[in-house]
Amino acid sequence: MADHQAPSPAAWAPDSWKTKPIKQDVVYDDPAELSAVVERIASLPPLVSSAEIERLRAQLRDVAEGRAFLLQGGDCAESFDYCKEGAIEDKLKVLLQMSLVLVWGLRQPVVRIARMAGQYAKPRSSPFETVDGRQVMSYRGDNVNGIDPAQRRPDPQRLLAAYFHSAATVNCMRMVLGGGLADLHRPDAWDLGHVRKEAIRREYQGIVTRLTDALGFMDVVGATGQEAAVRTADVYTSHEALLLDYEQALTRPVAKAQPGARRGSAYEPSTPPRLRVAPELCDFYNMSAHFIWIGDRTRQLDGAHVEYFRGVRNPVGVKVGPTMDPAELVRALDILDPLEEPGRVTLITRYGAEKIAQFLPAHVEAVLATRHRPVWCCDPCHGNTTTAPSGHKTRSFDAIVAEISASIAIHRRLGSRLAGVHLELTGEHVTECTGGSQELSHRDLPSNYQTFCDPRLNYEQSLDIAFTIAKLYEA
Ligand code: PEP
Ligand code: MN
């Protein structure tokens with residue numbers, strides 16, 4: 001394997017995306033105000049470290065090579081209002097519980113990535129919408145404009161607010177996770193009262209009892225190494241890196257290790273920051289999150305987003321749907337993963353339960369014919385969005401499970417492996433998706449429908465998914 005080399009600095013820079021056509025761009029009334037905000041963000045500290053990003057890179061390599069499984073999940077659109085201790089704790093709790101069920105079912109470590117602490121910007125199918133007979137700009141996420149139709153003008157100050165809300169969220173995550181997983185070792189932290197069918201509840205309860213017994217046993221015998229592994233949890237952060245001005249402002253150089261010099265910050269401690277080493281001796285990290293992905297609407301090979309993504313050391317995701325041609329997928333991997341590093345790219349496939357059999361096999365076969373070894377991850381949410389008779393955007397639990405099980409089967413048949421899932425979920429008891437062991441119907445949707453954007457699996461449905469995946473891998 002060749003040593004890592006950054007792309008030639010002549011060809012890539014944190015701002016080289018500006019020379020390429022861009023989709024889903026936000027146009028601000030006052031470019032000078034935008035520049036001032038971006039400059040301010042560029043002067044603020046990073047939100048995550050290059051060492052953490054490197055650790056995730058190594059773990060995703062394990063996922064790509066079959067030694068671990070990826071669980072990625074969180075809100076479709078985070079709102080600044082979700083930056084509250086309870087909501088953050090609930091989301092971490094459901095992700096951790098799901099991951100324990102998956103560890104149990106798959107007998108493998110699970111790498112956890114939250115769609116959190118920065119998942120603010122949203123691509124939209126139409127730039128405008130009609131509200132009360134008036135045309136207004138679409139809601140583009142809390143870091144662009146407000147959900148209130150009176151606040152739809154893009155406001156650059158929201159980028160700065162996004163930075164501080166991300167910082168507060170990351171800080172709270174670190175605090176909660178630093179406290180460890182101790183609670184989850186108690187069976188009563190697992191609320192299975194929602195499961196309507198007695199046989200399924202007994203089955204889930206059996207798994208939780210065995211799982212918490214095993215964790216308790218490790219506590220008693222003081223199995224230090226393993227105990228440490230189950231007590232402290234890594235949950236990495238991620239978002240769709242859509243607003244490239246913001247992403248660029250948090251893209252920071254780190255000097256590569258040189259003979260006689262340690263790896264470390266590439267900046268002089270000066271204002272404005274000045275590089276103390278040449279850019280070609282640096283790696284560039286997007287320090288706004290550990291993992292970033294390109295959405296299905298912005299993954300044009302010659303576009304600004306692919307240009308930006310190819311130059312950062314972070315592991316990156318690409319959404320892949322029915323409109324991706326297999327040859328185009330291979331080209332995307334050639335650009336984003338020129339060194340053919342397992343796990344550098346995660347392909348997040350999202351076709352819909354009815355279309356996956358038509359599109360996934362050609363994508364898998366095209367990639368297997370190359371030397372790229374991406375993580376194959378199934379997003380069973382975005383291809384399965386429908387509208388309920390009440391007008392609510394929803395998703396059916398059964399369609400979500402159908403896409404995951406088809407994905408597992410297709411990968412197995414072709415000699416590949418589905419190595420992860422990407423879900424829109426929340427730790428709260430919302431009613432946005434139908435089905436699951438609570439048996440929610442279309443009629444239940446209005447009772448607690450909260451989302452600003454796409455419908456999310458609630459706490460109960462998220463646990464149901466974890467139990468279901470664990471069983472699919474046993475099968
Ligand atoms: C999303 O993940 O919320 C999203 C917009 O997905 P996609 O890019 O796959 O449509
Ligand atoms: Mn979404």
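**Arg350.** I began with arginine 350 in this predicted model, and I count it as buried because 21 other C-beta atoms lie within 10 Å, where 20 or more is the cut-off. I then placed arginine 350 in the loop between strand E13 (345–349) and helix H10 (356–368). Leaving out residues up to four places away in sequence, I listed its contacts as Asp296, Lys319, Gly321, Asp379, His382 and Gly383.

**Ligand 1.** Next I asked myself which residues surround ligand 1. My list reads Cys76, Pro123, Gly295, Asp296, Arg297, Lys319, Arg350, His382 and Asp454. So Arg350 turns up here, having been noted above as buried. Asp296, Lys319 and His382 are in this shell and also touch arginine 350.

**The record.** I checked UniProt, where an unreviewed entry lists Arg115, Lys319 and Arg350 under "binding site".

**Arg115.** Is arginine 115 buried or exposed? I found it buried, because 26 other C-beta atoms lie within 10 Å and the cut-off is 20 or more. Arginine 115 sits in strand E2, which spans residues 110–115. Its contacts, again without residues up to four places away in sequence, are Gln72, Gly73, Gly74, Asp75, Ser238 and His239.

**Helix H12.** I moved on to H12, residues 459–474, and counted 16 residues. From its first C-alpha to its last the helix reaches 23 Å, close to the 22 Å expected at 1.5 Å a residue. I noted its buried residues as Tyr459, Gln461, Ser462, Leu463, Asp464, Ile465, Ala466, Phe467 and Ile469. What covers them? Among the elements I found helix H3 (85–106), helix H5 (198–221), helix H11 (397–414) and strand E17 (420–424).

**Asp444.** Between E17 and H12 runs a loop, and I looked up aspartate 444 in it. I call aspartate 444 partly exposed, because 15 other C-beta atoms lie within 10 Å, and that class falls between 12 or fewer and 20 or more. I also checked its separation from threonine 431, 13 residues apart along the chain, and the two C-alpha atoms are separated by 6.6 Å.

**Confidence.** Last, I looked at the scores: the chain has a mean pLDDT of 91, and 92% of its residues reach 70 or more. For the model I wrote down ipTM 0.99 and pTM 0.94.

Notes:
Residues are numbered from 1 along each chain as its sequence is written. Chains are lettered from A and ligands numbered from 1 in the order in which they are written. This is a predicted model: local features need pLDDT of at least 70, side-chain atom pairs count only at pLDDT 80 or more; totals for chains, interfaces and linings use all residues. A residue is near a molecule or strand if its C-beta atom, placed from the backbone, lies within 6 Å of it. pLDDT is the predictor's confidence in each residue, from 0 to 100. UniProt positions are given in the numbering used here, feature names are shortened, and annotations may be inferred rather than shown by experiment. Helices (H or I, at least four residues) and strands (E, at least two) are DSSP runs, numbered from the N terminus. Two residues are in contact if their C-beta atoms, placed from the backbone, lie within 7 Å. The expected span of a helix is 1.5 Å times one less than its number of residues.
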